[in-house]
Structures are given as C-alpha cells and as structure tokens.
Amino acid sequence: MARSGLRRVYFMDELRGFLIIFVVLYHLLYDLTVIFPVEIPWMFSPWMNTLRDLFTGTLITISGISCLYSRSNIRRGFKTLGCGLILTAATYFFIPGQIILFGILHFFGCAMILYGLVEKLFSHIPAWIGFPLSVFLFFFTRNIYYGVVGLGGFSFYMPAFLYGHPLLFPLGFACPGIFSADYYPIIPWVFLFFAGAFLGRFIRAGKAPDFLYRRHFPPLAFVGRHTLFIYMVHQPVLYGILYLIFRGV
C-alpha cells in the first residue's frame with residue numbers, strides 16, 4: 001500500500017485481513033447451504049445479509065482508500081478484473097449452477113479502472129464534499145436493482161427500458177434469466193469505493209488517528225496483504241474439502 005515516503009497504514013492491512021477471513025467463513029457456510037446437504041436456517045436471514053453487506057462494504061471502502069497509494073489504478077484494475085474472469089470461467093465449467101458473472105473481483109477491477117480514468121477530475125473535488133456526497137449516492141441508489149432509487153419518502157421508479165438487457169446487468173440493472181452467484185454491481189457499490197478514495201486523502205496525508213499507522217497484530221496484517229491470492233484459492237479449496245467429506249471419491 002505504501003509509496004516511498006508515505007506511512008504505511010498497518011491497521012488497514014489488519015482490518016482487511018479480518019474481513020477476508022469473514023469472507024472465507026461466509027463462503028464456507030454458503031457452500032454448505034447451497035451446494036451440499038446442510039441446512040443453516042439463518043444463512044440468508046436479514047441480519048446475516050446485513051452483516052455480509054456491512055463487511056463487504058467496509059472492504060470496498062478500504063479498496064477505495066488504497067487507490068491513493070497505487071502507482072497505476074488502471075493496471076491494477078485490469079489485473080483484478082482478469083482474476084474475476086478466471087473465476088467466471090472456472091464456475092462456468094465446474095459449477096455452472098453457481099456461475100459468477102459479475103462478482104466482487106469483477107467489481108473491484110471495474111471500480112479501479114473507473115477511478116483511474118476520473119482521478120484527475122476527482123482531484124478538483126474537495127474531500128469534505130466528495131465523501132458525504134458519495135455516501136449519499138450509495139444509499140440513494142441502494143435499491144436500483146429493484147427499479148427504485150431514493151431515500152425514505154422521496155423515491156421514484158427508474159425507466160423500465162434500462163432493465164432486461166444483459167449488458168446493463170453489471171451496472172446494477174436486473175435482467176431476467178441472468179444470474180450471478182456472487183453479484184456486486186457497479187451501482188451502488190462504486191459510490192462506497194469513491195467514498196473510500198475521498199477518505200483516503202486524510203489518511204494518506206497522515207491526518208488520521210495515529211493508531212491507524214501502528215502495528216497491532218502482524219499475522220492479521222500479513223493475511224490482509226494477500227487478500228487477492230486468498231480470495232482466488234479459498235473457494236476451490238473449500239469446495240474440494242467439502243466434496244470429499246459429503247460425496248467421497
């Protein structure tokens with residue numbers, strides 16, 4: 001995360017490590033519930049869905065912060081998007097019922113590329129405006145998949161012609177017949193990513209609380225620095241172990 005002359009934000013490494021461990025555990029429970037014959041009644045309960053979105057949203061915000069430390073967000077984005085496409089191919093051939101068409105890695109890759117393209121433009125927006133505006137837009141567009149945007153009593157339906165087109169599915173517009181087992185569309189999640197990028201200005205400038213820059217638990221930080229690798233390998237490992245346990249060889 002650190003460029004030469006910048007303080008490394010060790011707490012972010014540790015938090016990212018904690019979050020990727022949650023992702024692994026969540027996918028373990030998901031595999032047990034959806035693919036293998038284990039009933040977990042609370043797996044898709046409202047509180048579990050809220051916890052999943054909270055943890056994933058935090059991971060997305062951290063990724064936005066990390067953009068302030070990257071030498072090339074566009075190059076990093078294409079690398080991450082490529083990893084997402086590998087997962088698409090793997091699920092298509094080996095678990096077609098759980099294909100990942102536009103999952104979290106696809107999102108991260110597109111968000112990094114998009115930020116790399118608008119980075120200079122964003123530099124003219126003060127962080128004290130950009131951060132709350134991005135958070136507002138996230139909640140304002142939170143239900144765009146269901147055809148509605150707005151907050152509270154102020155909401156309206158999106159134009160129907162935006163829905164039903166496969167090419168608009170990655171943007172967040174539902175399309176009957178298109179399914180992704182892991183689905184994080186660009187809207188609304190990119191606004192949390194942008195919020196992290198604006199917040200990252202304070203952290204990069206060393207204006208955040210000092211504990212963010214101190215080491216607390218190095219093993220967790222080590223995990224956090226290898227989240228992409230862990231994400232790529234954990235599902236094949238989990239699926240392989242569970243397959244041997246429940247279906248044998």
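Two residues are in contact, or touch, when they have heavy atoms within 4.5 Å of each other. In this predicted model, local features need pLDDT of at least 70 and side-chain atom pairs count only at pLDDT 80 or more, while totals for chains, interfaces and linings use all residues. Residues are numbered from 1 along each chain as its sequence is written, and side-chain values use heavy atoms, with hydrogens and water left out.

Leaving aside residues up to four places away in sequence, Phe 107 touches Ile 60, Phe 102, Tyr 184, Pro 185, Ile 186, Trp 189, Val 190 and Phe 193. A nonpolar core is a set of buried Ala, Val, Leu, Ile, Met, Phe, Trp, Tyr and Cys residues joined through side-chain atoms within 4.5 Å. Buried means under 20% relative accessible area, exposed over 50%, and partly exposed in between (1.4 Å probe, protein chains only). The largest nonpolar core has 55 residues, of which Phe 107, Phe 193 and Ile 203 touch the most other members. Two or more residues each come from helices H1 (10-35), H2 (46-66), H3 (73-94), H4 (104-122), H6 (186-204) and H8 (227-247). H6 gives the most, with 10 residues. Helices (H or I, at least four residues) and strands (E, at least two) are DSSP runs, numbered from the N terminus. A second, separate core of seven residues includes Ile 144, Val 149, Leu 162 and Phe 173.

The axes of H3 and H8 come within 11 Å and cross at roughly 10 degrees; axes are lines fitted to C-alpha atoms, for helices over the stretch in contact, and angles run from 0 to 180 degrees between N-to-C directions. H3 and H8 are therefore roughly parallel to each other, a term for angles under 35 degrees. Lys 79, Cys 83, Ile 86 and Leu 87 of H3 meet Leu 228, Tyr 231 and Met 232 of H8 in this contact.

Strands E1 (residues 148-151) and E2 (residues 154-157) run antiparallel and are joined by four bridges; two strands pair if DSSP finds at least two bridges between them. Leu 151 stands opposite Phe 154 in E2. Two residues lie between the strands of this hairpin, where Gly 152 takes a positive phi near 55 degrees.

Thr 141, in the loop between helix H5 (127-140) and E1, is buried, with a relative accessible area of 10%. Pro 170, in the loop between E2 and H6, is partly exposed, with a relative accessible area of 23%.

Notes:
Parallel < 35°, antiparallel > 145°, perpendicular 65-115°, else oblique.
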